[in-house]
Amino acid sequence: MASFLSYDKSTCLEKVVLTNSFSFIQPFLYITSYLKYIFRSNVKISLKGMTLFLCALKYEDFYSKCDAFFEKNRRLKEVITFCDAHPYLNIIASSAKKHNMLTFTLQHGFYRRVHRTNPNSLAYRNFISDFMYVWDEQSLTALVKCNISANRLIVKNYNNFNQSARISSVANCYGLVLNGPNGFSDNKTLINLAIVLAKRDKKKVLVRLHPNDYLLKYLLLFILKKKYIESITHCDSNSYYKKVSFSFINNSGLIREFNIMNHDYAAVDLNLDREFKLISKRLITIDSIKEKK
């Protein structure tokens, strides 16, 4: 973050705060609290109602901690979050604004205007900070189309920042970047299409999961197609570029990163959003893949 925002040696980051957003024991506590309640009380409450109530308590608990933190650190003038759409960071930004501190957040993906039920819209619908640092003019234009004022957007040269981070690959493996959990049906199609080409070229496919998706959903497909799949895994960009020589991708903001990193790829035109069609260097259709069997 410091490199991205071009902090020099004379500038000091006052504090870096890490937050944990989830504990594996919490769901267990929710359910046991609910069961104890319904067995000991004549008043009925749904599991959803109990969960929302406990979430509200969790929210207020963290908000009070943020208030106490900023009250003790009033000398702070600016607060920067990784992505203020994330619940805990949203609370931090909200509390900082309450204490009249200037708030900033970072662009978290290639945002585009979509239907409200699409998770992509959560990032800009929950943008509450005063300003957002965006990657480039193209990203700014896309956010303005999402009804975000250009006055709240600050363009940083993300392209130059990543130029020095380019990683060469000598791997002989195809990569496939999957969409998020809401694109499960398309993801299965993409895996089968990538296998068609990998099989033809006598290669294997490394399947890169979305950070919010789970391997278990694809376990059966992996077992059936393991002859052609190197692995199905979560991995960061550095390790991914070292493992693959070419990628297939669909509705993913990584298309922007691939362009910047000069990574060789093809965007599969399977329900591909218009914004991604415009920025993709190479498009392939499902019919063209089937013809290559």
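1. Two strands are taken to pair if DSSP finds at least two bridges between them. Helices (H or I, at least four residues) and strands (E, at least two) are DSSP runs, numbered from the N terminus. In these terms, an open sheet of 4 strands has the order S1-S2-S3-S4, with parallel pairing. Its edge strands, each pairing on one side only, are S1 (78-81) and S4 (153-155). From one strand to the next the twist averages 25°; axes are lines fitted to C-alpha atoms, for helices over the stretch in contact, and angles run from 0 to 180 degrees between N-to-C directions.

2. The note concerns a predicted model, in which local features need pLDDT of at least 70 and side-chain atom pairs count only at pLDDT 80 or more, while totals for chains, interfaces and linings use all residues. Residues are numbered from 1 along each chain as its sequence is written, and side-chain values use heavy atoms, with hydrogens and water left out.

3. The pairing within the sheet can be followed strand by strand. S1 is joined to S2 (residues 102-106) by 4 bridges, and Ile80 stands opposite Phe104 in S2. Between S2 and S3 (residues 131-134), which run parallel, there are 3 bridges; here Thr105 faces Met132 in S3. S3 and S4 pair in the parallel sense over 3 bridges, with Val134 opposite Val155 in S4.

4. Helix H3 (residues 87-98) packs on this sheet and touches S1 and S2, its direction making about 165° with that of S1. Contact means heavy atoms within 4.5 Å. H3 has 12 residues and reaches 17 Å from its first C-alpha to its last, close to the 16 Å expected at 1.5 Å a residue; the expected span is 1.5 Å times one less than the number of residues. H3 is followed by Asn100, whose phi is positive, near 60°.

5. Which residues of H3 are buried? They are Tyr88, Leu89, Asn90, Ile91, Ile92, Ala93, Ser95 and Ala96. Buried means under 20% relative accessible area, exposed over 50%, and partly exposed in between (1.4 Å probe, protein chains only). What covers these residues includes helix H2 (47-72), S1 and S2.

6. A nonpolar core is a set of buried Ala, Val, Leu, Ile, Met, Phe, Trp, Tyr and Cys residues joined through side-chain atoms within 4.5 Å. The largest has 27 residues, and those with the most contacts inside it are Leu176, Ile191, Val207, Phe248 and Val268. Elements giving two or more residues to this core include strand S5 (174-177), helix H7 (184-200) and helix H12 (286-291). H7 gives the most, with 8 residues. A second, separate core of 20 residues includes Trp135, Val244, Ala267 and Leu272.

7. Leaving aside neighbours within four places in sequence, Ile191 is in contact with Leu176, Leu178, Val207, Tyr218, Leu221 and Ile229.

8. His263 lies in the loop between helix H10 (254-261) and S9. Is His263 buried or exposed? His263 is buried, because its relative accessible area is 11%. With neighbours within four places in sequence left aside, the contacts of His263 are Tyr240, Tyr241, Val244, Ser245, Phe246, Ser247 and Phe258. His263 and Val244 are 19 residues apart in sequence and 9.6 Å apart in space, C-alpha to C-alpha.

9. The side chains of His263 and Ser247 are joined by a polar contact of 2.7 Å. A polar contact is a pair of N or O atoms within 3.5 Å; within protein, one must be able to donate a hydrogen and the other to accept it, and residues adjacent in sequence count only if both atoms are side-chain atoms.
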